[in-house]
Amino acid sequence: MQLSDVAAELNVSDSQVYHMVRSGELPAIKVGGRGQWRVERARLEAYIEQKYAETADWVRTNPLVDRDD
């Protein structure tokens, strides 16, 4: 997938996806003579599952507290 496709899938900007790739957060490869970035769909799906797990862990450790008490 092109980075723009990944951005559309995640509903974020192209520059955010580029940063995720360059930082190593999202695995990608460079292909072609111009070195265009590509992300395999399976890697993107694994990334999304990882983020769901991280979010679930965060929710468990940061319970919602009623602030009116």
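Predicted model: local features only at pLDDT ≥ 70, side-chain atom pairs only at ≥ 80, totals over all residues.
## Surface and burial

Residues are numbered from 1 along each chain as its sequence is written, and side-chain values use heavy atoms, with hydrogens and water left out.

How much of the protein is buried? Buried residues make up 17% of the 69 residues (buried means under 20% relative accessible area, with a 1.4 Å probe and protein chains only).

## Overall layout

The protein has three helices and two strands, and along the sequence they follow the pattern α-α-β-β-α (helices are DSSP runs of H or I with at least four residues, strands are runs of E with at least two). The C-alpha trace spans about 60 × 20 × 20 Å along its principal axes.

## Where two helices meet

Now for helix α1 (residues 3-10) and helix α2 (residues 14-22): they pack at an angle of about 110 degrees, with axes 8 Å apart (axes are lines fitted to C-alpha atoms, for helices over the stretch in contact, and angles run from 0 to 180 degrees between N-to-C directions). So α1 and α2 are roughly perpendicular to each other (that label covers 65 to 115 degrees).

On the α1 side, L3, S4, V6, A7 and L10 meet D14, V17, Y18, M20 and V21 of α2 (contact means heavy atoms within 4.5 Å).

Key. Parallel < 35°, antiparallel > 145°, perpendicular 65-115°, else oblique. Buried < 20%, exposed > 50% of the residue type's maximum accessible area, 1.4 Å probe, protein only.
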